[in-house]
Amino acid sequence: MPPLDAAPDTGEADLPEGQSRAVADAVREALARRRMSRQALADAARISLSTLEKALSGRRPFTLATTIRLEEALATPLRQAPPRREAAPRPAPEAFGSYTRAAVAFLEGRYLTLRPSFGQEGAIFAYRTEIAWDADRDRLVFREAERIDAPFAQTGTVSVPNQSGHVYLVTEFQGQYRLAMLGRPTIQGEMFGILTTLVSGRGAQLTPAATPLALVPERSVPDGAPYGRIAAGTPCEPEYRRILDRVRDDGFAVFPGCVPAAGS
């Protein structure tokens, strides 16, 4: 029986020149490894020796059909998969500032977070805020950790609009919002601003509250700096107080008046 493609491959799709050369190189390597003759390969692939010789010498390109038969005869792939094209990075949704990851990478990291305690007058509440890129949702997200009131730890989205020059940590839960509004980082990476939230009042009452807020990169914080409720007299309290006081003293936020808040 004559080979299936003893007649010319008229009408069959030719491989691109570069890919055809790569297939020829792969066939020659396979023949050398197997110590196999070209005639034996042509017979096994059911193609003519002439077709194989011309393709290997570059006088004609391999066709897709011929390449598939050679792959089956050699039990090895001859065509390299095309290089994967990485999807172009997508910006965050417009509602959060349309930023790209490259533009906000400087915000990613862990921060010591300080605010006045709602539950103990004169104390400072310290916990950790982590900011990272969420590749599935194409935006920065944040989460809180190391809170002594762990059930109230927040997670949410980071908004970085160009116009205001501020960073917003936004929590939305069933229509309820909690918002931290922070100035862009200082040269040391610190962010200062205001937290607006609800605090527990009497019984089941929740009361709106606004309070100074400071985020300090953990790399700038001494090892072992504590989290929790930091009362006066605690060794780290003066330094934490100095950091938190910068919100007002350095004009990062304005507090025309203060309303005392009860609760924890």
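**Entry 1: salt bridges**

I counted the salt bridges first, and the structure holds 20. I took a salt bridge to be a side-chain nitrogen of Lys or Arg within 4 Å of a carboxyl oxygen of Asp or Glu. This is a predicted model, where local features need pLDDT of at least 70, side-chain atom pairs count only at pLDDT 80 or more, and totals for chains, interfaces and linings use all residues. Residues are numbered from 1 along each chain as its sequence is written, and side-chain values use heavy atoms, with hydrogens and water left out.

**Entry 2: Asp25 and Arg28**

I looked up aspartate 25 next. Its partner is arginine 28, with the closest N and O atoms 2.7 Å apart. Both sit in helix H1 (residues 17-34), three residues apart, so about one helical turn separates them. Helices here are DSSP runs of H or I with at least four residues, strands are runs of E with at least two, and both are numbered from the N terminus. Aspartate 25 is partly exposed at 44% relative accessible area. Arginine 28 is partly exposed too, at 34%. For these words I used the cut-offs buried under 20%, exposed over 50% and partly exposed in between, with a 1.4 Å probe and protein chains only.

**Entry 3: Glu71 and Arg79**

I found glutamate 71 and arginine 79 joined by a salt bridge, 2.7 Å from N to O. Glutamate 71 is buried, at 13% relative accessibility. Arginine 79 is partly exposed, at 33%.

**Entry 4: Glu218 and Arg128**

I then checked glutamate 218, which meets arginine 128 in a salt bridge of 2.8 Å, N to O. Glutamate 218 lies in the loop between strands S8 (206-217) and S9 (228-230), and arginine 128 lies in strand S2 (residues 124-134), so the pair ties together parts 90 residues apart in sequence. Arginine 128 is buried at 12%, while glutamate 218 is partly exposed at 21%. I noted that both belong to a network of salt bridges that also links Arg110, Glu130, Arg143 and Glu146.

**Entry 5: the cavity**

I searched the whole structure for cavities of 30 Å³ or more and found one. A cavity is a set of points on a 1 Å grid over the protein atoms alone where a 1.4 Å probe fits but cannot get out, and lining residues have an atom within 4 Å of a point. The largest cavity holds about 40 Å³ of space. Its lining includes Thr113, Tyr127, Glu144, Arg178 and Leu213. Strands S2, S6 (176-183) and S8 each give two or more residues to that lining.

Key. 1 Å grid on protein atoms, 1.4 Å probe; cavity = no way out; pocket = protein on both sides within 12 Å on 5 of 7 lines; lining within 4 Å. Points joined across faces, edges and corners; volume = space filled by probe spheres on them.
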